[in-house]
Every structure is written in C-alpha cells, then in structure tokens.
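Subject: Structure for your review

Dear colleague,

Please find below the structure that I am handing over to you. My notes on it follow.

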Amino acid sequence: MGKITSALLVLVVAMCCAVAMARGSHRDQHHEGREREKTFLLQDMKRVVRTDAGEMKVARSSKGWISDRPNIHVGFVTMEPDSLFIPQYLDSDLILFVRRGEARVGSICRDELIERNLRNGDVYRIPAGSTFYLVNTADSQRLQIICSIEKSDSIGWGSFQSFIGGGSYPTSVLAGFEHSTISTALNVSESQVRQILTRQKSGPIISLSNFDSNPHQSRVWTQFLEMKHHERVQCLKRMVQVHEEATEEDDEPIIMWLFRKLLNSVFEQEEGRSERVDAYNLFDRKPDFENNYGSSVALDQSDYSPLRQSGIGLYLVNLTAGSMMAPHLNPTATEYGIVLRGTGRIQIVFPNGTLAMNARVSEGDVFWIPRYFPFCQIASRSGPFEFFGFTTSARTNQPQFLVGSNSILRSMRGPTFAAAFGVSEERLERIVNAQSESIILPSGSASEERIPAMIKSYGDEMAMGFEGIF
C-alpha cells in the first residue's frame, strides 16, 4: 500500500512539474513574441532639441536580432508660431514632409542661398552638409514636420547635428577651437570671440516675436529674415568680402563677421544662378490607386528628381474604417511608416510563414517593415486610418500582393500551384476568386479579429521548408 501511495505521489509531482513547465514555456513564448514586436515598433524616441519655441524628437531603431537594420531614423520637428530653427548642418540627407503648417526653408545649394515657402503636404530635400534654417511663417499655427534622417557611418559616430550660430546653448561648432585660433581667423580680439560664443542661451529653436526672453537674438534674426531675398543674398556675399572694424559695444558687426567667415567656404564671387529645385506636394498628387475603401500614393525619383540623390522614396495611404491594405511584400526596399491619423493594426510575417507582429498603432507611432517580410495594415472599425512613410529606394516600387484580384495567387494558378497547397485545382480556384477587389480590400470576412488566424493558417501551409531560419 505504501509503495502504491509513493508511486501516486511521484506521478502527481511529475504532472505538476509538466504543467508548470508548459505554463513557463507559454510565458516564455509570449515574452519572446512581445520582444519581437518591439523590434518593428520604433519606440526609442529621443528628444534632441527642446526650447520654449519648439522641439525636435528622433525615433531610432534599437539594436535587435535583425542584423541588417537600415541606418534611417525618423525625425519630428514642432515649432511654435513665428519661430526659427537656427542655421545648422547635418551629416545626412534630410527629406522634409510638412505635416501641418507653413514654413520657409533656406539652404545653401551650389554656392547660393535657396529659399522656399513650404505648406501642408510639401516634400523637400536638403543635402547632407548643406547649412539650412527653418522658419515657422504662420501667425497662429504650430509647424509640424516629419523627416527621414539617413545617418552617415563615415566616422562611426552615427548622425550628428552641428549648429553654425550658438553660445552656451546650443554650442557653436566654433567653440571647439581654441579662442586664439578663432580670434586669428576672424581678425578680432579673444574677448570679442568669447562674446559671440557665449551670447546665445535660448536654444536651437528661438522665438522671433518674444523679445522678453532674448531681445538681442530675436532682433538680429528678425531683421535678417525680414529682408527681401536679393537683399539677404547680397548681405551674405558682403559678409564674405568686407572686413569691418567693430567694438564690443557694437553687436551687429560681430554677428556679421561671424557669418562672413562661416560662409566664406560656400560663397564665391560669381553671378550665375544654380538650378532651382522646388518642393513637391504629396497632398496635391492624384492617387496611384483608389477605390471605395481607400487610396495610396507613392513618390519616387521619376516624380521628384532630388530623391535620386538620397535614394529615398515616400508614400501616403488612406484607409476607410475597417478596410485593409492587402497582404504584400516589398522585394526592393525596407519601409518606415508613421501613423498620421486614426488607429489600426500592423501585421508582419516572417519569411518562414510565422507571425512576427500583430500590434495596434495610433497617431504618432512609428513602425518599420524589413525587405521581403510580408505585411498588411488594417484600419480599426471606429474610423479612417492614415499613415505616411519612407522607403529605402527612390526607384519605382513594385510590391508583390499575396491576396486580391491582382495577387500572386491569381497569377500562379493551375494544378502545380494547387498541389503546393494540397488541395484540388477547383477548390483553390474558388478560394482565390472569392476576392474581387485588389490592393485595398473591404472588411467583410477578413476583419481584424479573423486576420491573425488566417495568416497563421496560410503560414503553416506555405512555410515549405523555411523552418529554422529565425
């Protein structure tokens, strides 16, 4: 009797251990799934600039288990009305997209100051190393800009932001030199050098109308920006040519000297004008695809030639409530997306046919999809879903749709393809032809709640020997 009791006790303990291990394994798989989801959501948001007049944040992709992560960050610039982002340069190309508001951007292009007025929907490129500034020209509206930042690996430091003007905040690039070096280069005293390198304290984004915070800084920049374009150009060229005498009590000549020396490397004495490149408005473009369930627009180098130098494309998608962008993959580029409006789900599938992410996203969220990874976007039933983004190729995108009337399933029909699914040709034909729409699909049976199970079912049948890749 004792032996039987002992045996039963051992059996019960073994069963409890098995249950505990199973639960632990389930928790581990759930945790692993959550960690993988974080890989595709860029949640590492770093605030790189913050002042009373505005801020800039950058969404960076943290290191993960995907080794070939592209070197692109997504930046968000917010500026209060009548404010200025002081002149600076980056080690990377910037593709600006004006989400809301109006702006004036000035940049150095081929030895010339190029200025453009931007509005909602405008796309504009600033080349790497080009000094530029931004002004919010709206009287009562915040300026919101989304930009792609492709970092340079030439010196291994990642992306950097260098300010031409500056003092104690932000620090000017001149501050890194010895004062004696700068005084010799500018032909002024070291006390005057200390003055121009410590005066600015308001930060990289300053108000042009709030004279109480920094009256000197606001006055100097306001006077410069209120000049007519040809006057600003002539003023900057005179800074290159003319050496003026100044005292510490006379502030404006010191500022002029600073600009004269800084711009000497980019302004030469020539009268020719460079090729003018305008902005391109994404909102004004006719959709590349549109039906009752949404629309999509893609912008590449054939539409906007400056994208050719950056190797970046853009897109904008609008989905009606409950609709979805059909499951597809991009064989030529990685995609980055930013939710502009509404809520929805982003579902990404590993190339081996297993679900990589099924995450709910809302306005402001940033996600990315690696090249060759199948994915789809699904709008919630509560309202429209709008998202915008960048691709890592400026060439015309040719996505391969897996479902819909223009899909691979429709193109690769026949007994051989049916055999790959293990069903009859007639049955596969009925399933494939059930969807009459393409690219953007209605909710119907393929609703948010049923898509995960459907993708898993397809994944189990279509893995076809890819087990163990991830």
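Please note that the model is predicted.

I begin with the backbone. Most residues other than glycine have a negative phi. Tyrosine 372 is not a glycine, yet its phi is positive, at about 80°. Tyrosine 372 lies in the loop that links strand S21 (366-369) to strand S22 (375-379). With a relative accessibility of 45%, tyrosine 372 is partly exposed. Aspartate 82 likewise shows a positive phi, near 55°. The loop that holds aspartate 82 runs between strand S3 (72-79) and strand S4 (83-90). Aspartate 82 has a relative accessible area of 31% and is therefore partly exposed.

Next, the cysteines. Cysteine 147 is buried, at 2% relative accessibility. Cysteine 376 has a relative accessible area of 1%, so this residue also counts as buried.

The largest nonpolar core comprises 79 residues, and Ile146, Ile348 and Phe388 have the most contacts inside it. Apart from neighbours within four places in sequence, isoleucine 348 is in contact with Phe40, Leu355, Ala356, Met357, Trp368, Ile369, Phe373, Pro374 and Phe375. There is also a second, separate core of eight residues, among them Ile86, Ile108, Tyr133 and Ile206.

With kind regards

Note on methods. Residues are numbered from 1 along each chain as its sequence is written. This is a predicted model: local features need pLDDT of at least 70, side-chain atom pairs count only at pLDDT 80 or more; totals for chains, interfaces and linings use all residues. Side-chain values use heavy atoms; hydrogens and water are left out. Helices (H or I, at least four residues) and strands (E, at least two) are DSSP runs, numbered from the N terminus. Buried means under 20% relative accessible area, exposed over 50%, partly exposed in between (1.4 Å probe, protein chains only). A nonpolar core is a set of buried Ala, Val, Leu, Ile, Met, Phe, Trp, Tyr and Cys residues joined through side-chain atoms within 4.5 Å. Contact means heavy atoms within 4.5 Å.
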